[in-house]
Amino acid sequence: MSDRLPGFSTLAVHAGAQPDPTTGARATPIYQTTSFVFNDADHAASLFGLQAFGNIYTRIGNPTNAVLEERVAALEGGTAALAVASGHAAQVVVLQQLLQPGDEFIAARKLYGGSINQFTHAFKSFGWNVVWADPDDISSFERAVTPRTKAIFIESIANPAGSITDIEAISTVARKAGVPLIVDNTLASPYLIRPIDHGADIVVHSLTKFLGGHGNSLGGIIVDAGTFDWSTGGKYPMLSEPRPEYHGIRLQETFGNFAFAIACRVLGLRDLGPALSPFNAFMILTGIETLPLRMQRHCDNAKAVAEYLAGHPAVASVSYAGLPNDKYNQLARKYAPKGAGAVFTFSLKGGYDAGVSLVSKLQLFSHLANVGDTRSLVIHPASTTHSQLDDAAKVKSGAGPDVVRLSVGIEDKEDLIADLEQALSA
Ligand SMILES: *Cc1c(COP(=O)(O)O)cnc(C)c1O
């Protein structure tokens with residue numbers, strides 16, 4: 001072996017995986033089992049007491065899922081990861097380790113519509129209060145900090161318009177406030193942006209999107225950067241205080257720079273229960289092997305489609321950070337030099353009716369609520385994913401009535417442009 005560190009594409013294929021020690025199987029097997037036999041009573045007791053690592057029960061961990069966790073941790077440059085059932089499950093598990101009832105977290109206003117719902121309604125019922133800030137105005141994050149603030153949550157490439165967030169600037173605000181920065185890296189994937197390199201303390205993903213990549217399996221993951229000191233000021237008791245569930249051990253003291261990932265597993269996943277099925281872990285692992293190839297193609301196609309739309313007379317504006325005159329182009333050059341992703345919006349001169357009509361006329365683009373599929377997808381956010389917001393909030397979050405969102409797939413770009421051409425001229 002050379003002492004060269006493996007590159008991103010090599011890690012995407014190999015990180016975390018070995019030939020199966022019993023059978024020699026080269027692809028990672030699906031360990032479709034609920035539970036694992038203990039060697040003896042002492043082994044069982046040490047696993048339950050967190051004195052030894054090993055498999056107990058698939059709700060807490062599974063060998064197929066473990067390969068996925070190691071692979072994504074390697075791709076993101078984190079110390080450890082935890083796979084869960086969905087992107088939303090990842091968000092619940094992360095915040096459960098950080099917030100007590102009555103606490104606050106600051107979130108960027110430009111987010112996946114489902115996250116806006118989850119933060120506004122479901123989390124409120126847990127006593128976790130979201131405070132919104134504007135990712136285009138860093139000072140709005142500073143102003144939102146209070147003594148009860150426990151975290152800041154942003155997307156690297158933000159829904160729905162594919163805008164680029166200044167991760168380093170917001171990380172500076174988080175450092176000053178003494179709270180971790182959580183980055184939802186779903187739309188970028190680590191191929192385009194590695195938030196930990198820019199100061200993120202925790203990265204979350206919906207694996208359902210570009211990492212799985214084929215629109216066939218739900219999953220989520222939490223990556224621990226290992227950078228945050230949880231012991232200061234008693235602010236994070238789940239990590240710094242003795243845990244009664246585990247004979248009084250303190251997770252930060254015992255597990256150091258992967259304590260957060262451990263907390264998510266042994267307090268969050270164990271007790272809340274959103275485990276990822278090993279079958280889905282296998283599907284997502286297979287998807288990740290081609291992530292660099294797919295992601296580059298997604299970006300190249302998206303840029304071609306954005307350029308075509310920008311020159312079309314029926315189109316009022318295109319919001320794609322990969323276009324040289326876009327508001328986010330400077331940030332895109334800095335954070336995502338390989339490409340500005342494949343999800344973006346454009347607005348039609350004909351407004352709401354034109355948006356609804358376009359969506360119904362497209363044939364190759366599927367009209368559905370998802371992103372990050374091999375197939376090209378289209379949706380009209382104002383009537384679907386962002387319909388719960390009032391008109392002003394729709395516009396603020398980038399989902400005004402005239403806006404159409406695309407997730408550009410890996411088909412031939414000429415065919416995608418031809419489909420848009422027939423739908424726009426109809
Ligand atoms: C889809 C998505 C989520 C939620 O993930 P699920 O796997 O659907 O639960 C969160 N954030 C972003 C950016 C997403 O695109």
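**A first look at the core and the ligand site**

Hi everyone, let's start with Leu406, which touches Val305, Leu309, Ala342, Val343, Phe344, Phe346, Phe365, Leu377 and Val378, leaving aside residues up to four places away in sequence; contact here means heavy atoms within 4.5 Å. A quick word on the source: this is a predicted model, where local features need pLDDT of at least 70 and side-chain atom pairs count only at pLDDT 80 or more, while totals for chains, interfaces and linings use all residues. Residues are numbered from 1 along each chain as its sequence is written, and side-chain values use heavy atoms, with hydrogens and water left out.

Where does Leu406 belong? Leu406 is among the residues with the most contacts inside the largest nonpolar core, which has 124 residues. Such a core is a set of buried Ala, Val, Leu, Ile, Met, Phe, Trp, Tyr and Cys residues joined through side-chain atoms within 4.5 Å, and buried means under 20% relative accessible area, with a 1.4 Å probe and protein chains only. This core draws at least three residues from each of domain 1 (8-287) and domain 2 (292-425), with bounds from an automatic or database domain assignment.

Now to the ligand, with 14 residues around it, including Gly87, Asp184 and Lys209; a residue counts if one of its heavy atoms lies within 4 Å. A polar side-chain atom of Asp184 lies 2.7 Å from a ligand nitrogen atom, and a backbone N or O atom of His88 lies 2.9 Å from a ligand oxygen atom. The protein covers 93% of the 380 Å² of accessible area that the ligand has on its own, by the Shrake-Rupley method with a 1.4 Å probe.

Methods. Buried < 20%, exposed > 50% of the residue type's maximum accessible area, 1.4 Å probe, protein only. Polar contact = N/O pair within 3.5 Å; in protein donor to acceptor, adjacent residues only side chain to side chain.
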